[in-house]
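The sequence and structure come first.

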Amino acid sequence: MKINITIGGSEKSGYLNIDALKDLEIRNLDEYVDPAECFEIVAEDIVDYIPKQELPSVIDNWVSKLRHQGTIIVGGTDAFEVCKMFSQNSINLVELNTLLHGEQSQGWDVRLNQLTLEAICEELEKRGLRLLKKRINGFKFSVEAERP
């Protein structure tokens, strides 16, 4: 089984698509999948919307669903890159606030957590995952890790 976790994003063919905007639970996957059942979990641009204090338990839940040699892809906004762009005058104050806190024009688009590539890598490594790929594109990060 492969899972794509999103908040109003596009669906992926061949995946169980779990969308928070369709009132589906994204923080705890217990109702969708058994432990060690997933070959892949994709959670791009999700961690920004999970409160800091909840993030460790959410990652624990997601990782528990991975098979051995299963992969997880986690993405979000890199706070360091956003602040660097702001300090270099590449973005203005309005753009800084939007990138860190969301548009806030819709009820769901409020970012509750700011992370860096290094911070999410540390969270995944703490759980025994092996990092496969780390990428930053502009201010967006993506990390792919494998359960040994």
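## Cavity

The largest cavity has a volume of about 40 Å³. Here a cavity is a set of points, on a 1 Å grid over the protein atoms alone, where a 1.4 Å probe fits but cannot get out; grid points are joined across faces, edges and corners, and the volume is the space filled by probe spheres set on them. One cavity of 30 Å³ or more is found in a search of the whole structure.

The model is predicted: local features need pLDDT of at least 70, side-chain atom pairs count only at pLDDT 80 or more, and totals for chains, interfaces and linings use all residues. Residues are numbered from 1 along each chain as its sequence is written, and side-chain values use heavy atoms, with hydrogens and water left out.

## Cavity lining

Lining residues, those with an atom within 4 Å of a point, are D48, T77, A79, L99, L100, R111, N113, Q114 and L115 for the largest cavity. By class, this lining has four nonpolar, three polar and two charged residues (nonpolar: Ala, Val, Leu, Ile, Met, Phe, Trp, Tyr, Cys and Pro; charged: Asp, Glu, Lys and Arg; polar: the others, Gly among them).

## Helices 2 and 3

Helix 2 (residues 79-87) packs on helix 3 (residues 93-101) at an angle of about 175°, with the axes 10 Å apart. Helices are DSSP runs (H or I, at least four residues) numbered from the N terminus; axes are lines fitted to C-alpha atoms over the stretch in contact, and angles run from 0 to 180 degrees between N-to-C directions. Helix 2 is therefore roughly antiparallel to helix 3 (over 145 degrees).

A79, V82 and F86 of helix 2 meet L93, L96, L99 and L100 of helix 3, contact meaning heavy atoms within 4.5 Å. The contact has seven nonpolar, no polar and no charged residues.

Methods:
On a 1 Å grid over the protein atoms alone, a cavity is a set of points where a 1.4 Å probe fits but cannot get out, and a pocket is an open set with protein on both sides within 12 Å along at least five of seven lines; lining residues have an atom within 4 Å of a point. Helices (H or I, at least four residues) and strands (E, at least two) are DSSP runs, numbered from the N terminus. Angles under 35 degrees count as roughly parallel, over 145 as roughly antiparallel, 65 to 115 as roughly perpendicular and the rest as oblique.
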